[in-house]
Amino acid sequence: MKRRAMLKAAAAGVAGISSPRIAASQGGTLRIVVPYAAGGQSDVMMRVLGPSLTKTLNRQVLIDNRPGGAALIGTKLVEAAAPDGNTLLYHNSGFVALPMLLRAADYDPLKSFDAVCMTGISPNLLLVADTVPAKDLPEFLAYARGVPGGIECANSGINSGGHLSAMLLEKLAGIKLLHVPYKGSAETTRALISGDVKMQISVTTDSLNPYIKSGKIRILGVASKDRSALAPGKPAIGEFVPGYAVDGWFGVLAPAHTPLAKREEIAAAFKIALDEPGIKQRFDELYMEIVWQGPKQFADSIAESIEYFRKMVQVLELTPQ
């Protein structure tokens with residue numbers, strides 16, 4: 001079974017399980033650290049979910065942006081927090097790859113953190129500025145192979161998921177990319193529309209969406225193994241670049257040794273939020289497919305992601321810096 005299908009099947013298998021009773025009042029502030037700048041997809045999704053979480057848990061929910069270091073600053077902050085269920089991390093699947101790439105990322109994705117819940121899966125998109133003379137993926141690959149000096153490609157930080165996705169495309173497609181790191185999606189969007197860079201492989205964001213709709217930025221393909229209903233009519237990059245596939249999840253993690261009961265309560269609150277029609281509609285706009293998994297199923301998905309990224313790092317011949 002394909003990996004994306006496995007994630008969705010696991011979610012379906014637990015969807016019918018009754019959520020644990022959520023206490024009338026948890027007390028104190030629930031701090032959810034987003035290790036990216038404000039305005040990015042992770043930040044927007046958490047701010048969409050926040051009011052529902054506040055209502056369900058009957059406690060204030062604080063979204064705390066801590067960008068920098070390819071998300072390492074915010075990640076390490078949560079790792080060091082007390083395992084009391086009051087401080088959480090909202091991250092994506094790049095979380096498991098960073099220790100393979102940075103010596104400073106000395107955490108173990110399975111031992112230094114406890115899984116709370118998955119909230120969704122989203123395909124990375126191959127995005128190009130309208131100045132690129134290519135209207136589809138085959139035209140883009142032909143164009144890129146004709147630019148021996150390289151094409152400027154934005155990312156949200158060296159060793160971020162988008163950076164890895166672009167490096168994999170570069171290697172498997174036989175093209176040259178000039179990787180340009182920025183501090184967040186707002187900066188990468190400005191770089192694309194201004195012409196400072198010509199392309200990016202990334203999930204989409206609120207800052208990108210208006211330019212996608214206007215045609216200022218074009219989607220040429222999806223990085224997932226299969227085509228996505230979230231990007232109708234767009235091919236999987238692997239259809240033209242054999243072996244290329246990058247899938248990604250978004251989810252919530254807690255410091256290691258956070259009691260399972262607390263994680264299950266919080267996971268249940270997230271499920272209630274994700275079931276709300278208005279939130280589903282908002283996630284659709286963000287090219288995000290809602291897939292909820294509780295602590296145990298999400299931990300299994302994290303373990304699968306470790307093996308997936310380990311193979312990618314081997315293909316790219318990367319070593320920790």
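Predicted model: local features only at pLDDT ≥ 70, side-chain atom pairs only at ≥ 80, totals over all residues.

Residues are numbered from 1 along each chain as its sequence is written, and side-chain values use heavy atoms, with hydrogens and water left out.

Me: Which side chain of opposite charge is nearest to arginine 218?
Reply: Arginine 218 sits in strand β9, residues 217-222 (strands are DSSP runs of E, at least two residues, numbered from the N terminus). It's buried (under 20% relative accessible area, 1.4 Å probe, protein chains only), yet has no salt bridge (a side-chain nitrogen of Lys or Arg within 4 Å of a carboxyl oxygen of Asp or Glu). At 5.9 Å away, the nearest side chain of opposite charge is aspartate 130.

Me: Which backbone oxygen does the side chain of arginine 218 reach at 2.6 Å?
Reply: One polar partner (N or O atoms within 3.5 Å, one able to donate a hydrogen and the other to accept it; residues adjacent in sequence count only if both atoms are side-chain atoms) is the backbone oxygen of alanine 134, at 2.8 Å. The 2.6 Å one belongs to valine 132.

Me: How many disulfides does the structure hold?
Reply: Cysteine 117 is buried at 0% relative accessibility, and cysteine 153 is buried at 1%. As for disulfides (cysteine sulfur pairs within 2.5 Å), the count is zero.

Note on methods
Helix = DSSP H or I, 4+ residues; strand = E, 2+ residues; numbered from the N terminus. Buried < 20%, exposed > 50% of the residue type's maximum accessible area, 1.4 Å probe, protein only. Lys, Arg positive; Asp, Glu negative; His and termini not counted.
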